[in-house]
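Colleague: I have this one open now and would like to go through it with you. Could you tell me what you make of it, bit by bit?

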Amino acid sequence: MAEVAQGNNLGTNPGTNLGTNQGGSVAVRKKWGRGFDIKKQSGFTTIAMICFVMLYAPILTLVVYSFNAGTSVAIWAGFSWRWYESAWANQQVYDASIRSLTIATFAAVVSTIVATMAALATTRTKPFPGLTFIYAFINQPLMVPEIVTGIALLIFFAAIKVATGYTGLGYLLIAHTAFCIPFAYLPIRARLENMDLSLERAAADLYATPFKTFRYVTLPLLWPGVLAGGMLAFVISLDDVVITELVKSGGQDTLPTYMLGQLRRIVTPEMNAISSVFLAISIVMVTIFFLLNRKKT
Amino acid sequence: MADGKSASNPAASAAAAVDRRDTRNRWLLSAPALIILLFAAIGPLIIVVVYSFLKKGDYGGVEWQFSGDGWYSVILQKDIFTDAVTVADAHVSILLRSVKLSFFTTILALLFGFPTAYFIATRNEKSRELWLFLITIPFWTNLLIRTFAVMEVIRNEGIVNSLLLGLGVIDAPLQIMFTDFAVMMGLLYVYLPLMVLPLYASMERIDFRLVEAGYDLYATRWRVLRHVIFPLVKPGVIAGSILVFIPSLGAYVTPRVLGGGRNLMLGNLIEMQFGQGRNWPLGAALSITLMAIVMIALLLYVRNASKTEARHG
């Protein structure tokens with residue numbers, strides 16, 4: 001307390017101590033010296049760096065060992081492409097990849113279309129009856145743990161399988177579409193909220209039909225949001241393990257569930273090779289997403 | 001004013017008709033998304049509730065007969081020979097372990113995530129974007145692959161053990177895999193970005209004049225952190241903690257890969273009931289238990305968030 005009273009020269013010299021927020025005030029400089037950085041917290045930068053290293057070291061190790069010539073994922077035996085070649089030649093990996101891409105493409109396209117419609121319906125309007133309900137409904141998959149959704153679908157689809165005898169890919173397609181909807185919806189909605197209605201009103205004034213207004217005014221403006229939503233949905237579908245593992249019928253492995261099965265066996269760098277390709281795809285998608293969503297400067 | 005609102009006013013009733021049509025159109029436009037979600041997300045959840053009250057089938061599935069056994073066996077069990085009722089140790093210990101591991105994961109994520117978010121928030125605008133991007137990348141890459149990457153590092157034949165053995169620090173490889181510690185490390189690794197992102201969002205808005213005022217009043221760095229910065233970013237701390245705690249509690253892949261058969265969490269216990277356990281009603285009851293915990297956490301969060309908003313806005 002004494003320290004505070006001593007240093008507080010408000011009474012004697014108010015002019016210097018007030019309103020000098022920008023360049024560091026006198027009291028601060030007096031006590032801590034000229035180079036004092038008010039934003040610094042000791043050790044924070046170190047911990048932040050440890051965090052970044054911690055986040056990236058395992059991934060980088062994984063990628064490096066995908067090029068290992070030996071069969072170990074820990075002992076380096078020289079550079080080689082052999083595991084990429086063996087993954088490429090592996091029929092199971094090939095089938096699972098095609099299946100993953102089919103499901104992800106379908107889920108991304110369908111979920112983006114219905115999410116765009118829902119976003120158009122739930123933005124740029126005064127509250128209407130049921131708006132909160134629709135909003136909660138669409139975001140529901142984000143709030144329920146994946147394992148619970150997976151179990152629910154397992155039970156439901158098991159009953160349908162018994163009743164209809166159908167065991168095709170349809171179950172995975174609809175399940176993926178459903179949990180992708182909120183991920184497609186959010187970027188589209190965000191984009192729409194930043195668009196005002198004046199251009200659409202102008203188009204309507206010029207006798208454009210609602211469809212033409214949508215086709216030539218709304219959609220081109222909304223397009224980056226739609227693209228971002230679609231890509232997010234694609235990545236989310238491609239990454240899913242839990243729901244797919246529970247919903248799939250025999251012989252319907254996607255790449256992640258195939259890998260989950262392989263982890264029980266002795267792991268060779270082939271897993272690293274598959275993972276690295278997978279990582280590369282995800283990173284490219286996220287980068288595009290990031291650039292699309294970046295604030296225009 | 002009263003006349004203007006009455007239904008006899010033709011302009012007002014015309015406007016009401018337009019409103020009604022607008023509402024109907026908006027519902028129609030949302031309908032496809034709602035139908036898909038009803039069919040493949042929300043509807044099935046209602047079936048889970050129903051199944052939790054049915055009798056278990058002998059070979060999986062259920063018999064359509066009311067039974068409280070599913071809920072009953074969440075925490076209790078009956079000895080097959082003596083009919084003595086005891087607490088189901090296996091289930092209770094897995095439940096407790098899930099809560100414990102999720103809790104410590106959240107604390108660790110906060111300890112690492114807070115300084116990281118602060119570091120990013122105090123960079124200049126340009127480099128901020130890059131650091132944020134570096135946090136986001138792992139978040140969008142496959143969870144299984146990230147778990148696999150952790151496994152590669154901590155396995156008996158993994159990098160850590162090879163390195164320590166090579167340097168002669170240890171004689172035998174450390175058994176890290178298949179322990180609670182391994183599961184916790186995995187969860188921390190996988191969910192850390194979920195802590196950093198909301199923390200960053202609230203730190204970005206800190207008014208550093210308040211920090212400066214703290215130093216003007218001869219606060220130490222620790223006191224500024226504790227009494228100025230921390231209260232300002234508390235909503236972010238709570239949001240981040242919830243975002244880490246909830247998926248940790250429902251984790252399935254990470255404990256399965258890193259915990260092996262013995263260090264199960266709730267997600268694995270649930271899945272087991274539909275696999276070798278063949279006790280669907282119990283699995284359904286456990287699922288609802290998990291969902292209930294998650295919902296309570298979310299409700300607390302929403303209440304807290306609206307309270308904070310009311311105070312500041």
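Colleague: What is the mean pLDDT of chain A, and where is confidence lowest and highest?

Modeller: The mean for chain A is 85, and 87% of its residues reach 70 or more. Confidence in chain A is lowest in helix α2 (residues 14-17), at a mean of 38, and highest in helix α6 (residues 91-122), at 95. Where pLDDT is low, the predicted coordinates should not be read in detail.

Colleague: Fine. How many helices and strands does chain A have?

Modeller: Chain A has 14 helices and zero strands, where helices (H or I, at least four residues) and strands (E, at least two) are DSSP runs numbered from the N terminus. Of the 297 residues of chain A, 39% count as buried; a residue is buried if 20 or more other C-beta atoms lie within 10 Å of its own, exposed if 12 or fewer, and partly exposed in between, with C-beta atoms placed from the backbone. Among the contacts in chain A between residues at least 6 apart in sequence, 74% join residues at least 24 apart.

Colleague: And which domains does chain A get?

Modeller: The assignment, which is of an automatic or database kind, gives domain 1 (44-82) and domain 2 (90-293) in chain A. Their C-alpha centres lie 31 Å apart, and the contact between them takes eight residues from domain 1 and eight residues from domain 2. For chain B the assignment gives domain 1 (1-49) and domain 2 (87-312), with C-alpha centres 40 Å apart.

Colleague: How many residues does each chain put into the contact between A and B?

Modeller: Chain B gives 71 residues and chain A gives 77 residues. On the side of chain B that touches chain A, helix α2 (residues 10-51) of chain B gives the most, with 20 residues. That side of chain B divides into 49 nonpolar, 13 polar and nine charged residues, counting Ala, Val, Leu, Ile, Met, Phe, Trp, Tyr, Cys and Pro as nonpolar, Asp, Glu, Lys and Arg as charged, and the others, Gly among them, as polar.

Colleague: Which residues have the most contacts inside the largest nonpolar core?

Modeller: That core has 154 residues, and those with the most contacts inside it are A:Ile151, A:Leu153 and A:Ile181; a nonpolar core here is a set of buried Ala, Val, Leu, Ile, Met, Phe, Trp, Tyr and Cys residues joined through C-beta atoms within 7 Å. Helix α8 (residues 180-203) of chain B gives the most to this core, with 17 residues. Not counting residues up to four places away in sequence, A:Ile151 touches A:Leu246 and also residues of chain B, including B:Val48, B:Ile270 and B:Phe274.

Colleague: Switching to A:Ala184, why does it count as buried?

Modeller: A:Ala184 is buried because 34 other C-beta atoms lie within 10 Å. A:Ala184 is found in helix α9 (residues 170-193) of chain A, and its contacts beyond four places in sequence include A:Ser111, A:Ala115, A:Gly229 and A:Leu232. The C-alpha atoms of A:Ala184 and A:Ala228 are separated by 7.6 Å, although these residues are 44 apart along the chain.

Colleague: Last topic, backbone angles: what is phi of A:Tyr207, and where does that residue lie?

Modeller: Phi of A:Tyr207 is near 65°, a positive value in a residue other than glycine. A:Tyr207 lies in the loop between α10 (198-205) and α11 (210-239) of chain A, and counts as exposed because it has 7 C-beta neighbours inside 10 Å. In chain B, B:Tyr218 has a positive phi near 60° and lies in the loop between α9 and α10 (221-249); with 18 C-beta neighbours inside 10 Å, B:Tyr218 counts as partly exposed.

Note on methods:
Residues are numbered from 1 along each chain as its sequence is written. Chains are lettered from A and ligands numbered from 1 in the order in which they are written. This is a predicted model: local features need pLDDT of at least 70, side-chain atom pairs count only at pLDDT 80 or more; totals for chains, interfaces and linings use all residues. Two residues are in contact if their C-beta atoms, placed from the backbone, lie within 7 Å. pLDDT is the predictor's confidence in each residue, from 0 to 100.
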